[in-house]
Amino acid sequence: MSSRRSSPGEGDAGGARLTGTAREQHLAPDAAGGLLWQPADETLPTARLGALQMERLRETLRNAYEHIPFYRKKLDELGIKPEDVDCHGDVADLPFTTKVDLRDHYPFGMFARPREEIVRVHASSGTTGNPTTVGYTRDDVDMWGDLIARTLAAGGVKPGDLLQNAYGYGLFTGGLGLHFGAERLGCTVVPISGGNTERQLKIMRDFGATALSCTPSYAMYLAEAARDRGLRPEDLPIRVGFHGAEPWTNELRLQVEAGLGIDALDIYGLSEMGGPGVAFECLCKGGMHVNEDHYLVEIVDPETLQPLPEGEVGELVFTTLTRQAQPLIRYRTRDLCSLTSDPCPCGRTSARMSKPIGRSDDMLIIRGVNVFPSQIEEVLMSIPEIEPHYQIVVDRKGYLDVIEVWVEVGEGIFAETMGDLERFQRKVQAQIYNVLNIQVAVKLKEPKAIQRSEGKAVRVIDRRPASILGR
Amino acid sequence: MKVTQLTVFLENRSGRLAEVAGLLGREGINIRGFSTTEAAEYGIVRLIVTDPVRARDLLHAAGFTTHFSQVICVRVPDEPGGLAKVLGELAATGASIDYLYSISFQNICFAVRDIDRAIELLKDKVALLTDEEVRAL
């Protein structure tokens with residue numbers, strides 16, 4: 001990185017380079033008060049961007065075709081040769097990829113490189129059983145770092161800033177993703193991870209953190225905790241926050257911003273695409289810029305799977321354009337949102353996605369953790385005493401999501417003393433925690449207390465305010 | 001000397017206990033004693049009734065979850081220090097009481113982990129009641 005120049009104002013190198021993983025960086029101001037980490041790449045004229053996408057798409061298809069039997073079979077079945085794809089219209093002919101496909105090829109069957117060339121593996125929860133694995137080559141990690149550096153720079157973060165990274169570290173992509181990106185940008189990173197609010201507030205002030213990354217709900221929790229301790233926003237040195245991994249509203253943004261005295265920016269990603277940094281907000285806060293030089297983005301009708309015109313709400317679909325270890329073609333995110341390519345005042349030329357307004361499947365996002373009701377069901381059904389009637393109730397206490405699992409007390413569970421019942425509750429809670437890594441509250445109900453439905457059982461009741469999903 | 005107790009799981013909703021009592025009353029089953037536990041969301045009602053088997057069947061039919069268990073019932077002398085004497089003997093056995101409640105006016109009932117041992121140790125010290133004696137109180 002020694003060749004990296006980082007003097008703001010130096011400007012674009014001329015837009016000639018199309019190399020997203022270039023080692024030479026030219027930090028330059030954008031027109032919204034933030035910075036461009038890769039000015040040439042981030043402001044490519046639309047036509048140039050389109051041509052670059054097609055070139056990279058063909059390379060991605062070649063990589064997938066040659067190294068991943070799953071894709072070779074799919075493309076052969078459709079009679080598609082990677083070199084045949086030469087315009088955006090051809091994309092609609094390509095096959096989709098789903099989370100089930102990834103699960104079916106667990107753990108490394110969707111990798112395009114031998115495991116020995118993979119420098120990192122992350123994982124997220126799958127719909128049932130196996131998690132979804134994500135592999136990275138060294139170049140993939142570098143590319144990811146650049147995307148996070150773009151994200152942070154867009155919020156005005158520059159070399160020398162101190163990022164308090166309160167995303168969870170581990171298999172979850174949030175912690176290490178932000179960490180490497182911030183180091184790449186030249187920040188001081190404090191890998192504090194999530195939780196321990198007292199320590200978060202102390203370190204924030206003692207270390208002089210100027211940027212914060214965590215889920216939006218945890219940002220709000222920190223803001224409230226600061227207020228409860230008599231801290232005013234001006235007592236906290238943070239200027240900007242990066243908050244993703246779960247849906248949040250503009251209303252919550254205003255509260256986080258007032259509570260911590262910061263600009264609170266949204267950041268979008270999913271582990272299957274490599275993690276956070278797929279799209280990010282600039283200081284205009286008018287939708288998230290998709291890193292289109294690395295991801296081909298589409299919106300399709302979740303029923304017919306036909307592409308939808310710009311501006312319409314549908315399912316977000318991504319194709320990786322530069323990932324080496326794990327190219328994914330038309331990956332169905334199940335997130336529902338819309339796209340706009342209207343020019344953004346910041347100067348970036350990329351399309352922007354709206355905040356996701358819901359899901360086209362039943363996945364729940366609980367405090368940043370993806371949870372499928374089927375996973376909870378699997379745990380419950382592995383406990384013989386439990387009746388096949390249960391309900392998952394999602395609610396919000398303060399700013400944090402809580403899950404209740406309602407279980408009917410049949411003869412199998414019922415015992416003599418309250419202690420026995422409480423032990424049973426704790427046992428179920430512990431088993432769910434072991435599998436899903438989330439705390440749930442098991443609630444014991446009388447037989448027939450859980451409503452039977454005529455058709456498909458209503459397994460999930462989401463009582464969270466609807467506003468969390470929309471604007 | 002063991003007495004059959006009927007236990008019912010109840011969510012903590014108003015009127016639920018009255019439903020249980022009403023159901024048994026309509027069917028001519030007399031509640032000789034009962035206790036409830038305290039819990040935020042659910043609780044256990046313990047009942048000593050004149051016909052535990054029929055009471056269980058009725059409650060089952062009405063959708064309640066029930067459980068039979070065996071408890072010890074003791075006659076407590078109706079005089080100052082009467083309860084203290086019984087509890088003192090109980091403590092001397094070393095048995096740990098899971099719960100204890102009173103039935104009728106002068107009788108209490110309680111459950112212990114090792115009921116046979118407790119009965120053996122108590123039978124000459126306090127006035128233990130047979131199942132029949134309890135029903136006839």
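In what order do the four strands of the open sheet in chain A stand? The legends below take up this question after an overview of the chain, which is shown as a predicted model.

**View 1. Overall dimensions and make-up of chain A.**
In this predicted model, chain A contains 11 helices and 23 strands, and its C-alpha atoms fill a box of roughly 80 × 65 × 45 Å when the box is taken along the principal axes. A compact globule of 471 residues would have a radius of gyration near 23 Å, and because chain A has 23 Å, its value agrees with that expectation. Of the 471 residues, 45% count as buried. Among the contacts in chain A with a separation of 6 or more, 68% are accounted for by residues 24 or more positions apart.

**View 2. The open sheet of four strands in chain A.**
The four strands follow one another in the order β22-β21-β20-β23, and the pairing within this open sheet is mixed. Strands β22 (440–445) and β23 (460–462) of chain A stand at the edges, where each has a single partner strand, so one side of each is left without a neighbour in the sheet. From one strand to the next, the twist averages 25 degrees.

**View 3. The pairing of β21 with β22, and the helix packed on the sheet.**
Strand β21 of chain A, which spans residues 400–408, pairs with β22(A) in the parallel sense, and six bridges join the two. Within this pairing, V407(A) has L444(A) in β22(A) as its bridge partner. Helix α11 of chain A, made up of residues 418–436, packs on the sheet and touches both β21 and β22 of chain A, while its direction makes about 140 degrees with that of β22(A).

**View 4. Strand β14 of chain A and its surroundings.**
Strand β14 of chain A covers residues 331–337, and five of its seven residues are buried, so the strand is largely enclosed by the rest of the structure. Strand β13 of chain A (residues 314–320) pairs with β14(A) in the antiparallel sense over four bridges, and β14(A) also pairs in the antiparallel sense with strand β17 of chain A (residues 358–359), here over two bridges. In general, the strands of a sheet pair through backbone hydrogen bonds, in either a parallel or an antiparallel manner.

Note on methods: Residues numbered from 1 in each chain as written. Chains lettered and ligands numbered in written order. Predicted model: local features only at pLDDT ≥ 70, side-chain atom pairs only at ≥ 80, totals over all residues. Buried ≥ 20, exposed ≤ 12 C-beta atoms within 10 Å, placed from the backbone. Pairing = 2+ DSSP bridges. Axes fitted to C-alpha atoms, helices over the stretch in contact; angles between N-to-C directions. Contact = placed C-beta atoms within 7 Å. Rg over C-alpha atoms; globule rule 2.2 N^0.38 Å.
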